[in-house]
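The following note comments on the architecture of this model. Please read the points below alongside the sequence and coordinates.

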Amino acid sequence: MSVVTEGRLLKTATPVALLDDSCRIDPVFGRYPTLRDFARDATRRLPEPSVVTIVAGSQVDLAEFRAVQTLFGQDAKTVAFRIDEGATPRVSAVSGLTVITVGHLTDLPALLRRVNR
């Protein structure tokens, strides 16, 4: 498993290593003009993925998630988490892209159960 942020590639040798390294994520602004540019640059040296998970904030729209999805083969399952504080939690699917809108952290377990059905 590979986990990338705008700042770095995270350690994923064990769940604890990933959790510890994710605590070191710092906000980065303006390094890439688009989410697609970031995803292309951050994943170009990684093996072809079977699952792509995108986590972004409320200002990222469906078109940007779809633009990232086009970087990977049709065999890759793409799931986007759109974090939008106070939003109604929902799961939607558009052309093979699953978008999970999370309004509050407590919404996450129920949303994930809906996706895994």
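1. Buried is used here for under 20% relative accessible area, exposed for over 50%, and partly exposed for values in between (1.4 Å probe, protein chains only). Helices (H or I, at least four residues) and strands (E, at least two) are DSSP runs, numbered from the N terminus. The model is predicted: local features need pLDDT of at least 70, side-chain atom pairs count only at pLDDT 80 or more, and totals for chains, interfaces and linings use all residues. Residues are numbered from 1 along each chain as its sequence is written, and side-chain values use heavy atoms, with hydrogens and water left out.

2. In helix α3, Phe 65, Val 68 and Gln 69 are the buried residues. Viewed down the axis of α3, they fall within an arc of 105 degrees (taken from the directions from the helix axis to the C-beta atoms), so they line one face of the helix. Their packing partners are α2 (35–43), β3, β4 and β6 (97–102), contact meaning heavy atoms within 4.5 Å.

3. An open sheet is formed by 4 strands in the order β3-β4-β6-β5, with mixed pairing; two strands pair if DSSP finds at least two bridges between them. β3 and β5 (90–94) are the edge strands, each pairing on one side only.

4. Strand β3 (residues 51–57) has Val 52, Ile 54 and Ala 56 on its covered face. β3 pairs with β4 (residues 77–83) in the parallel sense over 7 bridges, and Ala 56 has Arg 82 as its bridge partner in β4.

5. β4 and β6 are also paired in the parallel sense, over 6 bridges. Here Val 102 of β6 is the bridge partner of Ile 83.
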